[in-house]
Protein chains: 2
Amino acid sequence: MLGYDEKYKRYLTQIDCALDGYLNETDTAYQSVISAMRYSALGAGKRVRAILLIEFCKACGGTEQLAMPFACALEMIHAYSLIHDDLPCMDNDELRRGKPSCWKAFGETTALLAGDGLLTKAFEAAAGSTAPAECALRATLELAQNAGTGGMLGGQVIDLEGEGKPVDEVHLLQMYSMKTGALINAAAKIGCILAGVGEEKINLAHRYAEKIGLAFQIVDDILDVAGDQETLGKPIGSDVQSEKTTFATLHDLEYARNKALRLTKEAREILNEFTMEDEFLYELTDRLAVREN
Amino acid sequence: MLGYDEKYKRYLTQIDCALDGYLNETDTAYQSVISAMRYSALGAGKRVRAILLIEFCKACGGTEQLAMPFACALEMIHAYSLIHDDLPCMDNDELRRGKPSCWKAFGETTALLAGDGLLTKAFEAAAGSTAPAECALRATLELAQNAGTGGMLGGQVIDLEGEGKPVDEVHLLQMYSMKTGALINAAAKIGCILAGVGEEKINLAHRYAEKIGLAFQIVDDILDVAGDQETLGKPIGSDVQSEKTTFATLHDLEYARNKALRLTKEAREILNEFTMEDEFLYELTDRLAVREN
């Protein structure tokens, strides 16, 4: 059996290879946008969403092959959201994962279209799934609902409108559960849906995702205050600078760290309801709470 | 039986009502983006794509109810593409359908997100379809393929890269078949797919769409040279001003008009292979070639 690091690396390779397959259009007439899509979607990222989706699918009796189109779809949606977030009319970020952001490397026009292209390609991958049609259609609906106004995108709007304003914890938690939580929720639920299990398992996956999604965002907030710029690959202190309320500015770091650890422990317990082939998902769950980037 | 104008008006009302249903989220925390989405998607537009989809679905034995989610999806994708096209980093258009463009009315950030929101919501509508799952999934794939890099979006990239350069007819026709043709193609094919007919009918719909899509774009080109600004709701002469090659600048207006009429006649003949409840689609086909906006 593979150890954690080996299995993680194998996942990274498999996901990159599958993504490459979706982004290999060779028509030279529109290569500029394909290049920008590849630049932002390939070869980087922790692939947390894709790996969660595959692991939940396998924990419900499905296969990697069954999970992969939706795993790629989630990563393409994540990549599109980062491209559009970085645009000058949004966060105006010139750096992403330690290299020039998409618009900085390809210009605003191409970056805008590359984001649109990745979002659309995600649904091409989803609808091209060979899972039973009922499962694939429901999974596609889950993907759209969690990426759109009722999920990630709505959370993004709430986040933008909260800048420079006093934000209370209820409001902050709603924003987190949409902005970061929704795609993680989609990952866990879609894995189960594709494997064809019943509502009970899907609900357990949903509860796991709520906890781990919030822990993930709290750790992000902590890293923005107390992380290392080089390890992170992006500037730290941006939340404080833009007077943004986060979990780590609303509470002290100690409180935030404990909250992330408690959520992680609760998420871990939910995993006991699934049949795992190894300890990988337990370890991934733990590591998300103690990561440094 | 309803006359053409009455049936057309009834379609406009039905489509607007269905779109309103998809865009009625009431969570006040992200209302800004919902308002912008509604501003751009409701109450305007010729709804050619939606109506073609419904008409082909009915001509294959399907119902309006079956067609409506995808009809709305197409209109939302069309609306998203216009919002993003108008952005300062794209065409920088301040006017759309006779009123301020989305970014001019709501700001760039909200317009960007409204476009993203409409594109995502389109797939939410598609995947939420109650058509048989195999049909709905294939229709969703058709939608994504025609909206993405291999269709509308790729055509948009080719168009942008051609500005100010000499463009030959082969290149121009590839761009047209992708930029404008792809969504019209999706409309006709998806209508048939949802009704569950065989490949032969789907291919006929595809051939019809190729012809009518090209005719539609040629008429657009003619209107940009010889249209009336007030009737069009946007400035004319923009293609000539930006030194853009179009069918109407590559050939004279007489040639372009004849080409559009010939394509329309050929498209009309393909309709004889379908069983229509009335003459509506024939008349719509004719009117697309002689329209003034």
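Two residues are in contact if their C-beta atoms, placed from the backbone, lie within 7 Å. The model discussed here is predicted.

Q: Among contacts in chain A between residues at least 6 apart in sequence, what percentage join residues at least 24 apart?
A: The share is 70%.

Q: What makes the radius of gyration of chain A agree with that of a compact globule?
A: For 293 residues, the globule rule gives a value near 19 Å, and chain A has 18 Å, so the two agree. Along the principal axes, the C-alpha atoms of chain A fill a box of roughly 50 × 50 × 35 Å.

Q: What percentage of the residues in chain A are buried?
A: A residue counts as buried if 20 or more other C-beta atoms lie within 10 Å of its own. Of the 293 residues in chain A, 53% are buried.

Q: How do you know that the span of H7(A) agrees with its number of residues?
A: The expected span is 1.5 Å times one less than the number of residues. For the 15 residues of H7(A) that gives 21 Å, and the end C-alpha atoms are 21 Å apart, so the values agree.

Q: Why are H2(A) and H6(A) called roughly perpendicular?
A: Their axes come within 9 Å and cross at roughly 70°. Angles of 65 to 115 degrees count as roughly perpendicular, so H2(A) is roughly perpendicular to H6(A). Residues making this contact include Ala36(A) and Met37(A) of H2(A) and Leu113(A) and Gly117(A) of H6(A). By class, the contact has 8 nonpolar, 4 polar and no charged residues.

Q: What makes H7(A) and H10(A) roughly antiparallel?
A: H7(A) and H10(A), residues 181-195, pack at an angle of about 175°, with their axes 9 Å apart. Angles over 145 degrees count as roughly antiparallel, and therefore this pair does too. Among the residues that meet are Arg138(A) and Glu142(A) in H7(A), and Lys189(A) and Ile190(A) in H10(A). The contact divides into 10 nonpolar, 2 polar and 3 charged residues.

Q: How many residues does each chain give to the contact between chain A and chain B?
A: Chain A gives 43 residues and chain B gives 43 residues. Helices H2, H6, H7 and H8 of chain A each give two or more residues to the side that touches chain B. H6(A) gives the most, with 12 residues. The residues on this side of chain A divide into 22 nonpolar, 14 polar and 7 charged.

Notes. Residues are numbered from 1 along each chain as its sequence is written. Chains are lettered from A and ligands numbered from 1 in the order in which they are written. This is a predicted model: local features need pLDDT of at least 70, side-chain atom pairs count only at pLDDT 80 or more; totals for chains, interfaces and linings use all residues. Helices (H or I, at least four residues) and strands (E, at least two) are DSSP runs, numbered from the N terminus. Ala, Val, Leu, Ile, Met, Phe, Trp, Tyr, Cys and Pro count as nonpolar, Asp, Glu, Lys and Arg as charged, and the others, Gly among them, as polar. The radius of gyration is taken over C-alpha atoms; the globule rule is 2.2 Å times the number of residues to the power 0.38. A residue is buried if 20 or more other C-beta atoms lie within 10 Å of its own, exposed if 12 or fewer, and partly exposed in between; C-beta atoms are placed from the backbone. Axes are lines fitted to C-alpha atoms, for helices over the stretch in contact, and angles run from 0 to 180 degrees between N-to-C directions. Angles under 35 degrees count as roughly parallel, over 145 as roughly antiparallel, 65 to 115 as roughly perpendicular and the rest as oblique.
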